[in-house]
Amino acid sequence: MSKLFAFSGSDDFCPGGSIYPNPKESSLFLSLGRHVDVYFPSHKRSRISSPFVFCGERFEQKKPSIEVLPDECLFEIFSRLPGGQERSSCACVSKRWLTLMSNIRRDEISDNKATQTLNLKDENTDEKGGVVSEVEDQDVEDGYLSRSLEGKKATDVRLAAIAVGTASRGGLGKLFIRGSNSRRGVTNVGLRAISRGCPSLRVLSLWNLSSVGDEGLCEVAYGCHQLEKLDLCHCPAITDKSLLAIAKSCPYLSDLTIEGCASIGNEGLQAVARCCPNLKSISIKDCPLVGDQGITSLLSSASYSLTKVKLQALNITDVSLAVVGHYGKAVTDLSLASLPNLSEKGFWVMSNGHGLQKLKSFTVTSCLGVTDLGLEAVGKGCPNLKQFCLRKCAFLSDEGLFSFARTASSLESLQLEECHRVTQFGFFGSLINCGAKLKAVSLVNCLGIKDLNMGLTLVSPCESLRSLSIHNCPGFGDASLVALGKLCPQLQHVELCGLHGITDAGFLPFLESCEAGLVKVNLSGCVNLSDKVVCTMADLHGWTLEMLNLDGCKISDASLVAIAENCLLLGDLDVSKCAITDSGIAALARSNQINLQILSLCGCSMVSDKSLPSLGKLGQTLLGLNLQQCKAISTGAVDLLVEQLWRCDILF
């Protein structure tokens, strides 16, 4: 001991205080008081153990962090969190934690009820033995929530966040993904997170996802057994393997839509047919590997449940049509489009299969097999058909349309589009011979319609027709319109668009023939109609008129004055590209009885800032105002209108 006190020098002793400049740092190494002198050799360094590190001449303590734990440990910790709120909070910490949380399946979350029951006895009981009420955080798995990701917002990270966040907020029921981020797009990783965190998913729609393949969709199949609706559009990496997994694991699948998936073929559809007895709707489009085998399997296996069938751009033949006609016992909606291998025989066999007794809506587009014979067979074989639409049927003529109308006694709506062999004889013949239930007829771009005097004086009128729509049929003129007015006196909805052959001479007698009172009238593009037509219409039908479109007609302020005085029920008025001025707008504003909700003045170059007070008064009831291409209206005037008409949507 004497040798110990023989030492001298400041390097040998630290007298009177701490060895650290900062007094707080002394507690990190020694807990001695300031009054104790401590021997500290200068050449011998003390052993340093965790959690201390030696940095320069100072000791520093490592901050304890859970991040040093491996993923396996964090996984075990996260799987024992008691509720959805805690899991969501942890997922917000970092991307690593979010990824781990999203990879925990519902069945991997530990059941802590026994542990919580023991702990709650202490936590929920106060010192006096009373029970403290507490609302438990329980996950709802009914699938009430719906999420949609489009474009740049569609990433795996967002899907992981959705999977974790929706678990305790009703459960994800519907997920729609439209495209993906070009740099960090949706991949199989994102779908894996959805499959593990959203077992209540019922609707999944994937569009334009090139990075999603069988691995991701198989994960969805294994984790989302309640899936009812699957929509795949332009997903080239998805093959039959995915449909096999969906078919085996999702027995409740009822709605299947596949479009532009070049790797899906008959094998996948056959698996769905075997394992999904509840299938109600199928839509298969532009899948080159799909043929008769896949389609016939679906139709024959779901004969009593399948109600909607849409087939487009497929390599199927008359065999599929025959199966539709025989097994489509529950089909109510049928759509066939761009099927070049179908022939007249296929339509005839389908219609005579006696299976389409419940068919109500039938749409045929660009099918060369639609001929007069096939169309007549459809009319006979589908007794409950109510809506029939024919588009681009090049071999259909007047005779077939006439025969169909005579046999389709339940028909309510008939639409013909680009059927150029149909003339006015077939059109009027279908109106004359149709059943008593026909309510709506539409002609679109039918070049075979010519304006001829039909002489229909001795023909019984078609009292049931309420709606007439004729678009871009250049041969339709005054003579045809006058004949239609006499043949269909109960019309209420009339659309005559782009018909340059209609003038005042034909439209005025038509107005006088309409006995029920016109409700909706669209005359856009009828450039040869003038103020006289509008004034007469307002006088004869102003008491029923609710919507009027005069876009491009040769009208002036006189028409607006007549409308303001007579059309008290009018709510939608379109006078775009018409020769109206500020005086016409003022006439509308002076009317105390008119209650316009939508007003379109697009392209009215003579409407100026002087109409600002009138538009402000009309704005008391307006919900929509179109001022686009009104060059005489300044930006400042529009800004004032926006401030004044706060509930009106203004386009400028």
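## Basis of the model

The model is predicted: local features need pLDDT of at least 70, side-chain atom pairs count only at pLDDT 80 or more, and totals for chains, interfaces and linings use all residues. Residues are numbered from 1 along each chain as its sequence is written, and side-chain values use heavy atoms, with hydrogens and water left out.

## Overall fold

The chain holds 23 helices and 24 strands. Both are DSSP runs, numbered from the N terminus: helices are H or I with at least four residues, strands are E with at least two.

Of the 652 residues in the chain, 49% are buried. Buried means under 20% relative accessible area, exposed means over 50%, and partly exposed lies in between (1.4 Å probe, protein chains only). The accessible surface of the chain is about 31700 Å². Carbon and sulfur atoms account for 52% of that surface. Accessible areas come from the Shrake-Rupley method with a 1.4 Å probe; for residues, only the protein chains shown count as cover.

Contact means heavy atoms within 4.5 Å. Among contacts in the chain with a separation of 6 or more, 80% join residues 24 or more positions apart.

Helix α18 spans residues 504–513. It is largely enclosed by the rest of the structure, because 7 of its 10 residues are buried. Those buried residues are Asp504, Gly506, Phe507, Leu508, Phe510, Leu511 and Ser513. They pack against three elements: α17 (478–487), β18 (493–497) and α19 (531–541).

Serine 480 sits in helix α17. Its relative accessible area is 1%, so serine 480 is buried. Beyond its neighbours within four places in sequence, serine 480 is in contact with Phe428, Lys450, Asp451 and Leu452.

## Strand β16 and alanine 440

Alanine 440 belongs to strand β16, residues 440–444. With a relative accessible area of 21%, alanine 440 is partly exposed. Leaving aside neighbours within four places in sequence, alanine 440 is in contact with Glu412, Ser413, Leu414, Leu465 and Ser467.

Take leucine 465 from that list. Alanine 440 and leucine 465 are 25 residues apart in sequence, yet their C-alpha atoms are 5.9 Å apart in space.

## Salt bridges

A salt bridge here is a side-chain nitrogen of Lys or Arg within 4 Å of a carboxyl oxygen of Asp or Glu. The count by this rule is 6. Three of these pairs follow.

Glutamate 215 and arginine 192 meet through their side chains at 3.1 Å, N to O. Glutamate 215 lies in helix α8 (residues 214–223) and arginine 192 in helix α7 (residues 188–197), so this pair ties together parts 23 residues apart in sequence. Glutamate 215 is partly exposed, at 45% relative accessible area. Arginine 192 counts as buried, at 17%.

Glutamate 228 and arginine 202 form a salt bridge at 3.9 Å, N to O. This pair links distant parts of the chain, 26 residues apart: glutamate 228 is in the loop between α8 and β8 (229–233), and arginine 202 is in the loop between α7 and β7 (203–207). Glutamate 228 is partly exposed at 32%, and arginine 202 is partly exposed at 24%.

Lysine 577 and aspartate 551 form a salt bridge at 2.9 Å, N to O. This pair also links distant parts of the chain, 26 residues apart: lysine 577 is in the loop between β21 (572–574) and α21 (582–590), and aspartate 551 is in the loop between β20 (547–549) and α20 (557–566). Aspartate 551 counts as buried, at 18% relative accessibility.

## Surface patches

Patches are made of residues with over 30% relative accessible area and no salt bridge; like charges are joined within 9 Å, and nonpolar side chains (Val, Leu, Ile, Met, Phe, Trp, Tyr) within 5 Å. Lys and Arg count as positive and Asp and Glu as negative, while His and the chain ends are not counted. Each charge is placed at NZ of Lys, CZ of Arg, CG of Asp or CD of Glu.

Lys360, Lys386, Lys437, Lys439 and Arg466 form a positive patch. Arginine 466 lies in the loop between β16 and β17 (467–471). It is partly exposed, at 33% relative accessible area.

A nonpolar surface patch consists of Trp348, Val349 and Leu373. Together these residues have about 260 Å² of accessible area. Valine 349 is in helix α13, residues 344–351. At 30% relative accessibility, valine 349 counts as partly exposed.
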